[in-house]
Amino acid sequence: MSFIDEIKLRASKDIKTIILPEAEDRRVLEAAIKITKEKFAKVILIGDIKKVKQNAKEYQIDIEGLDIIDPSESDKKDIYAEKLYELRKNKGMTIE
């Protein structure tokens, strides 16, 4: 058994959630499907819902059943922005 197969086997015994940003990208969509099919994690895609669905259709990737969160429409976006700011303000990030 390869190292990667061992990791997948261990992961499948204790399912975690993987958040994938830039979900409009073909490689991200393909990875999400592969992870879902192999059942070693739950996947949540982050991106513009319309663009994600449009790109998935264009790339002929079936994303049915995957959760998609659009951060620009999330009711928690102010909370996330504040948290990100707190984590990065020492590196020059501003709240804007």
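Quick housekeeping. Numbering starts from 1 along each chain as its sequence is written, and side-chain values use heavy atoms, with hydrogens and water left out. As the model is predicted, local features need pLDDT of at least 70 and side-chain atom pairs count only at pLDDT 80 or more, while totals for chains, interfaces and linings use all residues.

OK, helix 3. That's residues 49-58; helices (H or I, at least four residues) and strands (E, at least two) are DSSP runs, numbered from the N terminus. Val52, Asn55 and Ala56 are buried there, where buried means under 20% relative accessible area, exposed over 50% and partly exposed in between, with a 1.4 Å probe and protein chains only.

What sits over the buried face? The cover includes helix 2 (26-38), strand 2 (41-46) and strand 3 (67-69).

Now Asn55, buried at a relative accessible area of 15%. A polar atom of its side chain lies 2.8 Å from the backbone oxygen of Glu24. Leaving aside neighbours within four places in sequence, Asn55 is in contact (heavy atoms within 4.5 Å) with Glu24 and Leu29.

On to the largest pocket, with a volume of about 170 Å³. For the record, a pocket here is an open set of points on a 1 Å grid over the protein atoms alone, where a 1.4 Å probe fits, with protein on both sides within 12 Å along at least five of seven lines; lining residues have an atom within 4 Å of a point. The volume is the space filled by probe spheres set on the points. Ile46, Ile69, Pro71, Ser74, Lys77, Tyr80 and Ala81 line this pocket. Helix 4 (residues 77-88) gives the largest share of the lining, three residues.

Most residues other than glycine have a negative phi. Glu22, though, has a positive phi near 55°, and Glu22 lies in the loop between strand 1 (16-20) and helix 2. Gln60 has a positive phi of about 60° and is found in the loop between helix 3 and strand 3. Buried or exposed, Gln60? Exposed, at 75% relative accessibility. Glu22 is exposed too, at 59%.

Definitions and conventions:
Polar contact = N/O pair within 3.5 Å; in protein donor to acceptor, adjacent residues only side chain to side chain.
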